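Hi there,

Here is the structure I promised to pass on. Have a look at it first, and then read my notes on its pockets and its ligand below.

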Amino acid sequence: MKLATKFIHAGATPDPSTGAIMTPVYLTSTYVQEAPGKNKGYEYARSQNPTRKALEDALAVIENGQFGLAFSSGVAATDAVLKLLSPGDEVVAGNDMYGGTYRLFTKVFEKFGIKFIYVDTTQAENIAAAITPNTKLVWLETPTNPLMNITDIAAVTKLAAAQKILVCVDNTFASPYLQNPLDLGADIVMHSSTKYLGGHSDVIQGALVMNSASLREQLYFIQKSSGAVPGPMDCFLVLRGIKTLHVRMRQHCENGAVVAQWLRQHPKVARVYWPGFEDSKNYAIAKQQMRDFGGMISFELKDDSHEAAMKVLSSTKVFSLAESLGGVESLINHPATMTHASIPREERIKNGLSDALIRLSVGIEDVEDLIEDLDNAIG
Ligand SMILES: Cc1ncc(COP(=O)(O)O)c(C=O)c1O
């Protein structure tokens, strides 16, 4: 199936009791059994729910995987992957990634004896150099939040597979419309479904997709045991979001390209981070592994003072100042004080995330209105 057909029909089967074309929201905590152990495959809603099952089937289809698991948030999905590990195990992760992932790694899992080594993953050799006999997981984000760095997924999975190390790719920024990490050899794909999959800024949810039945069993066991399951209404919202992912993403990409090029020629803008510039360092890999370049853009003003950034951040009218991304409406964000505030300043600056960086989630409004808004704000 081609992309649009796949996104619209993924996981959708008419409801067996009525023929309803949309998956019903099964608001139930438990299921009546005919006799102990004799049931219809559903026992208790932390373990199974039909709306969640339809979504999990859809997640598997859209990421070209065998199995999908839906979680109560993106960080809950990441948390489950980390719980595959044991004290003493090591993780090689990117030095540019979502602040909440960094917080989970450093503030929660380090104290359970998991060691994290952060490297610039855009060069696969940096990962190779960081691997030790204790390395059990490579954690990639590509494009990264917020500097839009691109990692060559196929190159990393090749070197990790040779040493039996799992690779998990956070595919939130790209969405399955732009890239499918399992096709490039990844073991697990992770999503903050809160973002492009949901697409309407109305739900918090996470996802994991994988091919291995044994990994699915382990992750399902962790989920069932730890309890980070999404509610059925939220599953319905993400299922509905997926049906329009391709049309939304097409427009995010189209608008993103216009905004990125416009920003780049603006006399007050020093630097624009967007993987679609032909002269950007990761362009060749981005072009190879992604179908387009997305609507996430970061930039810095020539006046790199805190005040200049604050003026832009508080002046836009169409772009709303908010955390999150991937919804139909455009958002503007200040990573240093918002999404990435949990990363120590010194660490942030060392990895290129300045106090002056502004991040945009370009929505699907009329692009002329977006440009006019930025033009007024930047002045
Ligand atoms: C790249 C990335 N990964 C993971 C997450 C965490 O997802 P959630 O907020 O759904 O828990 C986010 C949230 O912003 C994100 O941007």
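The largest pocket has a volume of about 470 Å³, a volume being the space filled by probe spheres set on grid points that are joined across faces, edges and corners. A pocket here is an open set of points on a 1 Å grid over the protein atoms alone, where a 1.4 Å probe fits, with protein on both sides within 12 Å along at least five of seven lines; lining residues have an atom within 4 Å of a point. This is a predicted model, where local features need pLDDT of at least 70 and side-chain atom pairs count only at pLDDT 80 or more, while totals for chains, interfaces and linings use all residues. Residues are numbered from 1 along each chain as its sequence is written, and side-chain values use heavy atoms, without hydrogens and water.

Lining the largest pocket are 26 residues, with Leu147, Asn149, Arg271, Tyr273 and Lys281 nearest its centre.

Where does the ligand sit? You will find the ligand in the second largest pocket (more than half of its atoms lie within 2 Å of the pocket's grid points). That pocket has a volume of about 350 Å³ and a lining of 21 residues.

Now for the polar contacts (pairs of N or O atoms within 3.5 Å). A polar side-chain atom of Lys195 is 2.6 Å from an oxygen atom of the ligand. For Ser192, an N or O atom of the side chain lies 2.8 Å from a ligand oxygen, and a polar backbone atom of Gly74 is 2.9 Å from one.

Enjoy exploring!

Terms used
Polar contact = N/O pair within 3.5 Å; in protein donor to acceptor, adjacent residues only side chain to side chain.
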